[in-house]
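I hope they are handy while you look through the coordinates.

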Amino acid sequence: MTSQLTALSEIQDLVEEFSRSLLQIESERTEGKEPDPDLINGAFRAVHTLKGIASMVEVGQLVELSHELENCLDDIRLGKRALDSPSLDLLFSSVDLYTASLGYSVDPSLPAPDVNSFLARIGDARTQGTTAASDQEQVSLEWLHEDVRSVLTEYEEFRLRQNIEGGKAIYSIHVSFDLFDVDGGIERLKSKLKTLGEVLAYLPSADASRDDRIDLDILVGSGKGLDVFRAALKGETASTERLNTGARLSGADADVPVARSHESTRPEASADASARTEAAFGSQIDAVEPVLAPPVSGLQSSRKSDPPQSIRSVVQTVRVELSRLDTLMNLVGELRVIQGDFARTLARAEDTLRAVPEVRTLYAQTRQMGRRIDELRDRILDVRMVPVGQMFDTLARVVRKLSREHGKEVRLVVSGEQTELDKLIVEELSDPLMHMIRNAIDHGIEPVEQRSAAGKSLTGKISLTARQRGNSVEIRVEDDGQGMDWLALRERAVSRGLVSLEEAEVMTSIEALRLIFVPGFSTLDDLSRSSGRGVGMDVVKTNIMRLSGQIDVESEVGVGTSFRLTLPVTLAIIQALVIEGGGQMFCVPLGSVLESLMFERSEIETIEGFEVISLRSEALPIVYLDRIFDLPSKSNDGQLYVIVVGLAEHRVGLVVDDLLEQKDVVIKPLGPGLDAVPGVAGATEIGAGQTVLLLDLAAIVSDAVRDFGVGERRRVEGVPA
Amino acid sequence: MREYVTSVLEGTVDIEFQYAESGFHALQLLSRVSPDLIITDVNMPEVSGLELLRYVRNSNRLKDTPVVVISTEGHPVDRERVKAAGASIMLEKPFDPEVLKRAVSGLLEGPPG
Amino acid sequence: MSESDPGIWQALLQSGEVIATEAEYEHGYSRSLRDDLVRMVSFRLGSEIHAIPIRQVREITRCFSVTAVPRTRAYVRGVGTLRGALLPVLCLASRLGLTPEPESRASRVLVVQIDSDAFGLLVDEVIDVVSLEPESLREPPSVLSGAGGVNRDFVFALARRAGKLLIVLNLTTVIAPEDFVASEWREGQGDR
């Protein structure tokens, strides 16, 4: 993958992370909670990292955009700017802008994103929204040791003050980790600490004596008592102490030491023995010793001779470009072909050398190898599987945007995000799902007044669920809106001339609901007026069907509508050999190709008027693809490429212009009419928009055999080398 | 920033680089090796450059290691604070790569700790 | 049937066959609040204007790359990929027996839907979406059949619009998948 693409891919991930943070922040706000400062900080960090990566690639104005956003988020996290609806809207728009910029950088035929007007907006908003530097009385931090105070960043200090002003107590937790377990240890501790309060800072203690341990003091702001802390952290190598009482705590904390100054980072005598329990950090951890050990002097610092240790935490995922998977699949395909040859050769040998036991063993081993290769292929196909959750996130943003646009209150509930589908299917699904959601928000969910009058919850709900059922995945899109009246649908169909009166009379409610999938049910007018896109459910259905899927609908007036999509887990993917013949690209199933060769034109001989080439002492009859399809012949090059095809016991060589590549392709049926063309078995898309036909080698070659009497001839004649 | 710094220094100075992904990793790394020079960003999540600097300066083994602190643009960090925390040199992005090169060479050749 | 165009229609008009006049049509169109108007897409093939009901048109798109399929009739341009879905594309002019024009920037592909199958029809230019009163549609004159021209079976009706004749096509006869494969390659076909 070029570094450009890697960077873009990382940027995309960060944009998604940013978007998720925003969605969570918003949902917390809607629930009336104060958004978690970690979320805001997380969003800030995501944009900051994004800026760093964007500065290394030339992609539109991503750097400027990120820079402004970063400043905006910094203001928000430092309390200089309120996180209100307009600000959130601004942030959400930036996500769209990022996405558009990324898309545009990859495909310049798309409309260019208007970053400048956004930058202007954000610039204006910034000057207006920023509160004057607070001249309110700053809470004193004198009880905090100078050492500590001096290294807190602006944000950390801000959060510290916020906590104090909020009446929270500040705790310092001294922890000690085994060197190699710092990451894991921190994670475990973090999750516990998060339930107790807000982690404000991590301060590494300097302890030069212990090279195999790392000590940290963690500052936490919390409304909970010291005992709660100690109880929660029992079992960790940690000791907790409280640094201040908190400005507004009631006097009930009599047993707690008051305004205790925190001596440097070595809580010497303050070590609370009860908290020093044996750590539960795995077998490597030795017994806890007092942190304070005399610094070992004369410790030779070996400089460059230290071999670099592996300190990266275990990487759990690897980003893979789909084309690399194609390459892997090709190799597997080639392996399979070679193995096939092996097996065939051995099978022949077995006949003649039946008595030789080794040959039979070899044969069995070769078959086993074939099975393993098939399994390898299946596992690589598995790698193409991605969770549908990726798509659900994008749809959550769409819901948000559309519900705003339509002035409706809608929330999206998802489940089954971990359900996996082939990446190609997931990509093809996003459009249809988006249309359905658009419809649900546009026509399904009623405006607030209507919902309230109907006694429904004011916020409409759209739910997306994905579930695996055997070889298929079922995805449901449901809304609790006004539903569809099947009688009205029926009437409309009749008036549009789509069904006759007689048909309508015997129609069931289910059949009537399915009318929405009939082309022409929604006129272009209806659609463009309401959703701004002239596409109806008939298109959605077609698209689902193209994926070899099914779609069905249920609905009840006043209650809601539910769509159910059933999709195969993977598409019909075959390994193919892409060739060129008669000036056109074709592909052939690799499984039908025994081998592919190159010959000099001069090597062609004729036998009884039929052209053959000599292949390992056998005469291989050849036929020409361009002649078979009546396509123009390539000029007389010296070399020809031949694909050897097997047909029962005959072997025939198909001459083509060029062998291009081996590839995994998704084969689609040609549809009525064209599927009856002999010799053509389907088509696939290679590259962008280039349709390539898949040939039915057996059919083509058997025609040749029949027409030219090839093969049979050869046997009868017993052709010499 | 890492790539940038590496590209600036590579070839100029005979240096072997070791990288840390985050403040925590830096701590792990520093517990194992004693580098001749540390270059760190100020703004890092969780364990910031300043906190790292304090660790280094408090450590008997590492306390004399020269530290170059770099602040990324848009975050004017209090130079005083950084100096007080014990940074040998502070650079604010965008900086002239020559300055970095000279600073690094100077610090490496400088008076032994 | 290349020289057909104005001549035959003039002959038709003069022959006395009833054809909706512009006046009747315009009056009905501009004032009507009727909801039984048939909406059609009109398009140009050579110098003729044709139309098909809009409910059968899924979308209208610019020309895209079409791969020729061997062993098919001449009017079958081939198959293309539109938004991930395969689409057979027919040259409508050739299908109707007219001389096809070279592709231009105005050329479009009408994606039509018959039951659950989609097909692409290549046309020279898309003109308009028109609303026609059902009663303004007239049967095509019998004169058309077998005259070496547009097969009468292909024509559903005639209408008039802004002074021009509109030939409304019968898609189910125009698009006959069973006819796509070139005759010599059809199964069960003797030689032709």
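1. Let me begin with Leu9(B). Leaving aside neighbours within four places in sequence, Leu9(B) is in contact with Ile15(B), Lys101(B) and Val104(B) (contact: C-beta atoms, placed from the backbone, within 7 Å). Leu9(B) sits in helix H1 (residues 2-9) of chain B; helices (H or I, at least four residues) and strands (E, at least two) are DSSP runs, numbered from the N terminus. Between Leu9(B) and Lys101(B) there are 92 residues in sequence but 6.2 Å in space, C-alpha to C-alpha. Leu9(B) is partly exposed, because it has 19 other C-beta atoms within 10 Å (buried is 20 or more, exposed 12 or fewer, partly exposed in between).

2. A word on conventions. This is a predicted model, in which local features need pLDDT of at least 70 and side-chain atom pairs count only at pLDDT 80 or more, while totals for chains, interfaces and linings use all residues. Residues are numbered from 1 along each chain as its sequence is written, and chains are lettered from A and ligands numbered from 1 in the order in which they are written.

3. Over in chain C, Leu166(C) is found in strand E11 (residues 164-169). Leu166(C) counts as buried, because 24 C-beta neighbours lie inside 10 Å. Beyond four places in sequence, its contacts include Ser42(C), Ile49(C) and Ala51(C). Ile49(C) is 117 residues from Leu166(C) in sequence and 5.3 Å away in space, C-alpha to C-alpha.

4. Next, chain C against chain A. The contact takes 30 residues from chain C and 35 residues from chain A. On the chain C side, strands E5 (76-82), E6 (85-91) and E8 (117-123) each supply at least two residues.

5. Now the cores. The largest nonpolar core has 90 residues, and Val588(A) and Leu654(A) have the most contacts inside it (a nonpolar core is a set of buried Ala, Val, Leu, Ile, Met, Phe, Trp, Tyr and Cys residues joined through C-beta atoms within 7 Å). A second, separate core of 54 residues includes Ile170(A), Leu193(A), Phe229(A) and Val47(B). Among the residues that Leu654(A) touches, not counting those up to four places away in sequence, are Val623(A), Val642(A) and Val701(A).

6. Finally, a helix pair: the axes of H12 (residues 389-405) and H13 (residues 423-444) of chain A come within 10 Å and cross at roughly 25 degrees. That makes H12(A) roughly parallel to H13(A) (angles under 35 degrees count as roughly parallel). Residues of H12(A) in this contact include Leu395(A) and Leu402(A), and those of H13(A) include Leu433(A) and Ile437(A).

Technical notes:
Axes fitted to C-alpha atoms, helices over the stretch in contact; angles between N-to-C directions. Parallel < 35°, antiparallel > 145°, perpendicular 65-115°, else oblique. Contact = placed C-beta atoms within 7 Å.
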